[in-house]
Amino acid sequence: QVQLVESGGGLVQAGGSLRLSCAASGRTFSTYEMGWFRQAPGKEREFVTAIYWRGGSTRYADSVKDRFTISRDNAKNTMYLQMNSLKPEDTAVYYCAARTIVGNFGSWGQGTQVIVSS
């Protein structure tokens, strides 16, 4: 099992930027891919972006492409989400998640709140 802890959320005005971090511990050697998801009030959790832990390939939801950038520091077992040009519709609780080479994302952090004011 991998333990995940997010940080970096907060309140920002529209057009601003935030950087989220996700620190991983535990069985990190088994991590195949890590990702960010978000859940807005009254909505289902949705995929934001993900990165393959070893190769570094990334994928993004269309809604955040060209505004958000995912990255990772393998030495620190930490993943980042740089969010630029934030919009009010980006307001949500952001979760980091990890999965092994088999199965879906099974390890989750506790979430960090992002609020974008208009």
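How many Å² does the accessible surface of the chain come to, and what percentage of it belongs to carbon and sulfur atoms? The surface is about 6,100 Å², with 48% belonging to carbon and sulfur atoms (Shrake-Rupley method, 1.4 Å probe; for residues, only the protein chains shown count as cover). This is a predicted model, in which local features need pLDDT of at least 70, side-chain atom pairs count only at pLDDT 80 or more, and totals for chains, interfaces and linings use all residues. Residues are numbered from 1 along each chain as its sequence is written, and side-chain values use heavy atoms, leaving out hydrogens and water.

**Strands**
- The chain has zero helices and 11 strands (DSSP runs numbered from the N terminus: helices are H or I, at least four residues; strands are E, at least two).

**Disulfide**
- One disulfide is counted (a pair of cysteine sulfur atoms within 2.5 Å).
- C22 and C96 form this disulfide, with their sulfur atoms 2.1 Å apart.
- C22 lies in strand 3 (residues 18-26) and C96 in strand 9 (residues 92-99), so the pair ties together parts 74 residues apart in sequence.
- C22 is buried at 0% relative accessibility, and C96 is also buried at 0% (buried means under 20% relative accessible area, 1.4 Å probe, protein chains only).

**Core**
- The largest nonpolar core has 27 residues (buried Ala, Val, Leu, Ile, Met, Phe, Trp, Tyr and Cys joined through side-chain atoms within 4.5 Å).
- L4 is among the residues with the most contacts inside this core.
- Beyond its neighbours within four places in sequence, L4 is in contact with residues including C22, M34, C96 and W108 (contact means heavy atoms within 4.5 Å).

Methods. Buried means under 20% relative accessible area, exposed over 50%, partly exposed in between (1.4 Å probe, protein chains only).
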